[in-house]
Amino acid sequence: MSSNNRESNPVTGKSLPEVETVAKPIALMETVTLVSLAAAVGSLVLFAWIAGSLSHAWVRNFDFTIRNKVHEYATPTLTKWMIWISFIGGDGLIAAAVLSITLFLAFRWRRAAVWMLVNISGTLILDLTLKYSFARLRPTPFFVPMPRTPSFPSGHSLFSFCFYGVLAGLLADRIESRQWQVLIWTFAAVLVGAIGLSRIYLGVHYPSDVLAGYLTGTLWVSTMVALDRMRKRRKERSTT
């Protein structure tokens, strides 16, 4: 597509990258599809294994060992930080999601906005469905009030993985600098990990809840990527 037909940034007036319309190599698309499907299947198997073992002694021992070990490092300053990090994965994430979609639309990245809307909607459905299906009781919190929703899987872990992970992917696709791409992905990974850790530290989740949240997020995002790649592949075949 020529530069004359590209949409412009309403703020800077510069042309915007159109990664949604740029054809990817067929081999790359097929590889991404296969890897995404493998990740989806693998995460589903692991999630089912953990979910089916919640009543087993080894899961209880794992949860209480990790939970108590993390609690040994508690300090007033660290607690304040963990409460703030947990906020980024809860109410702060809601605000960030609304802001990101608004900015995507303002920059005319319509496909990115649709991706994020579908991503967040599917994550919400998964979170509520799984939580109330398993109805696992929460552990006794260390520093904050008891949340009202069931414990398994961790919603903060699930939402942070799906939102910040997908946001990192959408931004990295629009940046040519390899250094910035690595920085974006690294920051997203550290943030998602810190949010999960904060839920264990605060005592509102068992470690198995957090792991299940990440696995559910992997399943959902990998499925989205695989379906999107297959849709693109069919579209390319129909136009050739």
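**Backbone exceptions, aromatic rings and a helix face**

Mentor: Arginine 108 is partly exposed, with a relative accessible area of 40%, and since this is a predicted model, please read that value, like the others, as computed from its atoms. Arginine 108 lies in the loop that links α4 (91–106) to α5, and its phi is positive, at about 65°, although the residue is not a glycine. That deserves a second look because most residues other than glycine have a negative phi. Alanine 135 is another such case, a residue other than glycine with a positive phi of about 50°; its place is in the loop between α5 and α6, where alanine 135 is partly exposed at a relative accessible area of 45%.

The loop between α5 (110–134) and α6 (155–172) also holds proline 153, and the peptide bond leading from phenylalanine 152 into proline 153 is cis, with omega near -5°. For comparison, most peptide bonds are trans. Phe152 also has a part in the aromatic side of the picture, where it forms one cluster with Phe47 and Phe134.

Across the whole structure, a search finds 12 aromatic pairs. Among them, tryptophan 49 and tryptophan 58 are stacked, with 5.1 Å from centre to centre and 25° between the planes, and tryptophan 58 is partly exposed, at a relative accessible area of 40%. By contrast, tryptophan 81 and tryptophan 84 have ring centres 6.0 Å apart and planes at 90°, so this pair is edge-to-face. Both of these tryptophans belong to helix α3 (residues 76–88), where they are 3 residues apart, about one turn of the helix, and tryptophan 84 counts as partly exposed at 49% relative accessibility. A charged side chain meets a ring as well: arginine 174 lies over the face of tryptophan 109, at 4.8 Å from the ring centre.

Finally, turn to helix α2 (residues 57–71), whose 15 residues reach 21 Å from the first C-alpha to the last, close to the 21 Å expected at 1.5 Å a residue. Its buried residues are Val59, Asp63, Arg67 and Val70, and they cover an arc of only 70° around the axis, which puts them on the same side of α2.

Definitions and conventions. Residues numbered from 1 in each chain as written. Predicted model: local features only at pLDDT ≥ 70, side-chain atom pairs only at ≥ 80, totals over all residues. Heavy atoms only, no water. Helix = DSSP H or I, 4+ residues; strand = E, 2+ residues; numbered from the N terminus. Expected span 1.5 Å × (residues − 1). Buried < 20%, exposed > 50% of the residue type's maximum accessible area, 1.4 Å probe, protein only. Arc of directions from axis to C-beta. Phe/Tyr/Trp six-rings, centres within 6.5 Å; stacked < 30°, edge-to-face > 60°. Lys NZ or Arg CZ within 6 Å of the ring centre and 35° of its normal.
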